[in-house]
Amino acid sequence: MSRALTVATLFPLATVAAADEANASALARRGAARDLSVETVTVDRADSFVDADVYLVGGTGRGGVAALVEALTSTDLAARVSDGAVLLAVDAGLDAVARSWVDPAGARHQGLGLAPVSIHSAPEVTGTVVTRPDASLDLPALIGWEANDLRTVREDGARALFTLEVGSGNRTEDALGGTTEGVLAGSILGTRLHGPLLALNPELADLVLARATQRSEPWPALESPAVERARRERIAEVRRESPKADWRSRLPGPVAARLRR
Amino acid sequence: MSDARDPLRARLALATGRSAGRLSQALGKGSGSMIGGRLALRVDPQVLRAVAGDRRSVLVTGTNGKSTVTALVAAAITPGGAVVSNTTGANMTDGIVTALSADRTSGLAALEVDEVYLEPVARGTRPKAVVVLNSSREYTRGVSLRSTLEHWRRTAAALPDDCVAIVNVDDPLVSWAFETAPHRIGVSGGLYWRGDALICPACGSVQDFTDDSWSCPGCRRSRPEPDWKVVPDGNGWAVEHAGERTRIEVTVPGRTGPVGGAFALAAADALGVDVAEAAERVSAVADVDGRYAPYRLGDHAARLLMLKNPAGWAEAIDVAVSTDRPLVVAVDPFGPKDTATMWEAPFQRLAGERVAVTGGRTADAVAILDAAGADVVEAPDIESAVRAHAPGEVMVACNYPAFRRISKQFRGGTH
Ligand SMILES: [Zn+2]
């Protein structure tokens with residue numbers, strides 16, 4: 001009994017593309033292994049917008065955010081997301097669906113307001129990011145990249161998508177004292193971690209697929225040894241090079257916070 | 001050598017640069033070409049103008065294929081006189097100063113120019129022709145495509161009146177950036193990677209693509225009709241221009257060779273060199289900086305390709321598939337996103353095919369090829385990777401550090 005899902009990559013070229021194609025095909029691959037038949041579509045103009053189960057909005061660089069907001073506004077994205085479609089909004093995509101964002105000159109603009117965050121200027125950071133495992137989302141330590149000069153402030157008590165072992169993340173003060181990254185609100189996953197994120201982290205692809213199929217129980221274990229080995233090597237390299245990363249920071253967020261107190 | 005015509009300060013700068021170059025050679029730090037040129041520029045920014053003198057230069061820029069096309073241009077214009085070229089691949093202002101100051105007598109120059117350095121190099125050399133190949137993103141550079149294009153547009157508008165811009169009209173970004181040039185000639189150079197060019201750089205609309213053309217519904221720009229194009233000719237290739245057909249033989253595998261040849265012939269024509277004669281010289285180029293010459297490994301021959309972005313990988317995959325040669329992928333570490341671009345390359349074209357993988361980033365390459373459905377074989381070193389395939393010619397697709405390492409190893413050993 002195979003279920004069909006549609007994954008739509010929205011306006012990948014309004015901003016600097018950051019491997020959006022790799023994320024869509026990662027969902028297709030992981031979906032096939034989960035007995036889901038995934039169709040991938042790229043939407044380049046408002047009149048070719050489709051009803052999909054998952055929307056990917058990505059890209060880096062703030063130069064194209066205004067165009068992205070304009071393009072997204074003339075689609076049914078907001079209605080689809082409130083009906084439960086999953087939205088993975090990455091970097092410039094997160095700016096576009098935020099309540100407000102800042103352009104490179106520092107001027108504030110309205111976003112689509114789908115994600116309960118506001119975006120502010122901050123010093124530039126770049127580097128490899130390692131997340132902490134998160135049992136509540138069934139996620140191991142993941143790898144990603146950040147490169148931005150932005151602070152992402154969560155509103156209405158929305159939870160972060162990740163806590164970080166290495167990396168700068170949202171750059172907001174967190175109650176638990178940890179470093180948070182992105183936002184998870186309803187069916188919206190927002191993050192600054194760009195590049196082939198879902199390809200490198202198949203468990204995150206699983207999370208997207210679970211939300212898109214309203215699946216509540218965990219997926220059966222499914223190994224992808226090649227990707228896991230690549231990630232393991234990459235994480236080991238980051239830990240070697242990062243003075244901040246000691247054994248305490250590898251513990252799940254709440255445990256680490258308790259130890260710190 | 002210094003020349004009595006040089007201003008005194010430029011002469012001093014050259015002397016300093018030369019002794020630093022000798023010093024770095026003595027210390028065993030490579031060829032010394034970068035260190036020499038860099039010091040010279042620090043002393044006097046006018047030094048490029050002084051060493052360029054009044055020679056007639058062709059600049060070659062773009063994201064992919066600069067070294068190859070520069071070598072073909074250098075060959076194509078030799079009927080016009082002696083040619084100096086920065087054959088070491090040192091393609092920023094300082095490397096070009098070094099190349100030009102090492103040869104003050106050649107009346108012609110074929111210069112590979114890093115895309116971000118086009119403006120100062122064009123100002124210093126006052127070229128007769130600028131060849132522009134393509135414009136594609138590189139994650140690792142940290143320079144946005146947009147700012148490179150705007151830099152090119154400024155540079156194009158300021159080119160001398162007698163300079164011809166020879167541009168790849170199949171690339172909408174290049175076409176837009178050079179529409180401000182005083183004279184423009186179009187070459188159909190192909191576009192292996194549309195990913196960066198789908199949005200019109202002029203108006204932000206999504207462009208309409210057909211198999212071999214593009215147009216923008218927003219600002220009505222469209223692909224200018226090319227003056228030069230490559231056509232199949234029997235079992236090889238020919239270049240078509242002004243109703244004439246010129247056959248070229250280029251050892252560079254795939255379509256890259258003849259397309260590079262078309263740019264070279266257009267450059268020769270712009271300098272008044274006879275096209276038929278230029279084509280003979282281009283066809284005589286056997287190798288570009290050791291880049292394409294096959295290295296013998298017993299019953300195998302390995303051809304190295306150096307790749308740095310999705311456009312490059314797409315081209316390499318296309319060469320492997322279209323010429324039916326097996327592939328080795330060799331990738332070494334050079335930073336956090338060193339393999340990120342490979343996730344976007346169309347490796348699924350190799351699904352079911354055996355691909356051998358080697359290098360310091362083997363784990364990443366295995367993951368990427370495995371996801372694409374290739375039959376991946378890991379090899380501890382380049383020799384065993386090549387020998388994982390049946391005897392014959394093998395394409396070795398490398399990222400930059402792996403290319404450096406392997407070509408050095410081959411040159412020192414079996415070649
Ligand atoms: Zn346009």
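Predicted model: local features only at pLDDT ≥ 70, side-chain atom pairs only at ≥ 80, totals over all residues.
Residues are numbered from 1 along each chain as its sequence is written, and chains are lettered from A in the order in which they are written. Local features need pLDDT of at least 70, and side-chain atom pairs count only at pLDDT 80 or more, while side-chain values use heavy atoms, without hydrogens or water.

The zinc ion is held by the SG atoms of B:Cys200, B:Cys203, B:Cys216 and B:Cys219, at 2.2 to 2.3 Å. Donors are N, O and S atoms within 2.8 Å of the metal (3.2 Å for Na, K and Ca). Along the chain, these donors follow the spacing C-x2-C-x12-C-x2-C. B:Cys203 lies in the loop between strands E6 (183–187) and E7 (208–209) of chain B, and B:Cys216, 13 residues apart from it, in the loop between strands E8 (214–215) and E9 (228–233); strands are DSSP runs of at least two residues, and helices (H or I) of at least four.

The arrangement is tetrahedral because the four donor atoms subtend angles of 97 to 118° around the zinc ion; the term requires all angles to lie between 85 and 135 degrees.

Elsewhere in chain B, helix H4 (residues 66–76) packs against helix H9 (residues 256–270) at an angle of about 45°, with axes 8 Å apart. Axes are lines fitted to C-alpha atoms over the stretch in contact, and angles run from 0 to 180 degrees between N-to-C directions. In the contact (heavy atoms within 4.5 Å), residues of H4(B) including B:Leu72 and B:Val73 meet residues of H9(B), among them B:Gly260 and B:Phe263.

Technical notes: Tetrahedral: all angles 85-135°; square planar, octahedral: opposite > 155°, others 65-115°.
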